[in-house]
Amino acid sequence: MNILGIETSCDETAAAVVSDGRIVRSNVISSQIALHHAHGGVVPELAARGQVTAILPVVRQALDDAGKTADDIDAVAYTEGPGLAGSLLVGVNVAKTYAFALGKPTIPVNHLEGHVYANWLHAEDDSDFVAPEFPAVCLLVSGGHTELLLLRDHHDYEVLGTTLDDAAGEAFDKGARLLGLGYPGGPAIQRASEGGDSHAFDLPRAWLPGTMNFSFSGLKTALLRVAQEYRLPDETPKPTGQIFPEHRPPRYRDDLPLADLAASFEEAIVDVLAAKLARAADAHHARSVLIAGGVAANRRLRDRVETLLGDRMIVRWPTMSLCTDNAAMIAGRAWQRVQTGGWGDLAGDAYPRLPIGQAVG
Ligand code: KG4
Ligand code: ZN
């Protein structure tokens, strides 16, 4: 079964064709990073406009890359949320209109479930692929969410822990912003940390004993305190008359130990994420651990989890292009729901869903 997936929850416009929930035939992602970079973060209004411009060429490209025509598509899956309302609406409308015109069903998919299911995707010629086994513990770390999940099977989930304040990706983004490294913050911090000493600064970890929850706001404040010692005074801004003003990054003295600071900050986030994931995996006798969401692209996090757990269980993370937002994960999760429940729009909300991520964020 070939499912066309469409994902427009934030600032990426994505479409993909996936066969039988696993084999990625095409995966097209149009990024708006250049559009938002000057503003230091995503501007929702600009994101929605960007989605409108990109969506049709992206869908066409996904079909072409897969070598499929409309006749080959059995269903259209789309992200129903959580996400930015204006961005989501573009994908929902295109998916429903296209499916209606073809006389094919649509399948709404929770964005976060999609991230988890990126771990079941692979290329057709990937003979080394090992599918996750249950029970699995998944660390879902994106720009908007941080969740530790116990997956008993495809439709039996439990949230073991969540963040009490910032999401892990948000912590990376805010940390990068205050260091003047730009957006998106995770890759910027990872780059800046290269060659740095991750123990140079003793930044705080919120262990929150007795819980599987996370907190990153104290870490952010600690980073701010260190960085402020090196900060140069801001220049007086000149009025620009722009509707969406440009972000003015802070300026620092040349002796700011950027690599050490970025490495220590990254280490403080990874340390807690990996330790709690390992604790949860052991407590629930997991056969697999999965990392999902944009922060799963982080090299230090991948290496740490592999070191802690790799010799005891299956450790999986999606390939780089499937960690951050993409539509293959939406098509993959849609197929899984079809296997156990039927068609989304025809049966309404008859499927068990992850009890997470209902808020827009
Ligand atoms: O899953 P995603 O693409 O979008 C959401 O659903 O939020 O995740 C985006 C987040 C951003 O916060 C970004 O800074 C973070 O993923 N990210 C990373 C890396 N690449 C992306 N964080 C740490 N290290 C990375 N290499
Ligand atoms: Zn995402």
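Between which strand and which helix does the loop holding Pro 82 lie? Pro 82 is in the loop that joins strand E4 (75-81) and helix H3 (85-102); helices (H or I, at least four residues) and strands (E, at least two) are DSSP runs, numbered from the N terminus. This is a predicted model, in which local features need pLDDT of at least 70 and side-chain atom pairs count only at pLDDT 80 or more, while totals for chains, interfaces and linings use all residues. Residues are numbered from 1 along each chain as its sequence is written, chains are lettered from A and ligands numbered from 1 in the order in which they are written, and side-chain values use heavy atoms, with hydrogens and water left out.

**Surroundings of ligand 1**

- Ligand 1 is surrounded by 19 residues (a heavy atom within 4 Å), and the closest are His 115, Gly 143, Asp 173, Gly 186 and Asn 298.
- By class, this shell has four nonpolar, 13 polar and two charged residues; Asp, Glu, Lys and Arg count as charged, Ala, Val, Leu, Ile, Met, Phe, Trp, Tyr, Cys and Pro as nonpolar, and the others, Gly among them, as polar.
- Helix H4 (111-117), helix H5 (168-178) and helix H6 (185-192) each give the shell at least two residues, with the largest share, four residues, coming from H6.
- Domain 1 (2-121 + 321-340) and domain 2 (136-232 + 251-316) each contribute at least three shell residues; the domain bounds come from an automatic or database domain assignment.

**Polar contacts and burial**

- Polar contacts are pairs of N or O atoms within 3.5 Å.
- Oxygen atoms of ligand 1 lie 3.1 Å from a backbone N or O atom of Gly 169 and 3.1 Å from one of Asp 325.
- The side chain of Gln 190 has an N or O atom 3.1 Å from a nitrogen atom of ligand 1.
- Taken alone, ligand 1 exposes 550 Å², of which the protein buries 88% (Shrake-Rupley method, 1.4 Å probe).

**Backbone features**

- Most residues other than glycine have a negative phi, and most peptide bonds are trans.
- The Gly 81 to Pro 82 peptide bond is cis, with omega near -5°.
- The bond from Phe 134 to Pro 135 is also cis, with omega near -5°, and Pro 135 is in the loop between H4 and strand E6 (136-141).
- Asp 20, a residue other than glycine, has a positive phi near 50° and lies in the loop between strand E2 (12-19) and strand E3 (23-31).

Terms used
A polar contact is a pair of N or O atoms within 3.5 Å; within protein, one must be able to donate a hydrogen and the other to accept it, and residues adjacent in sequence count only if both atoms are side-chain atoms.
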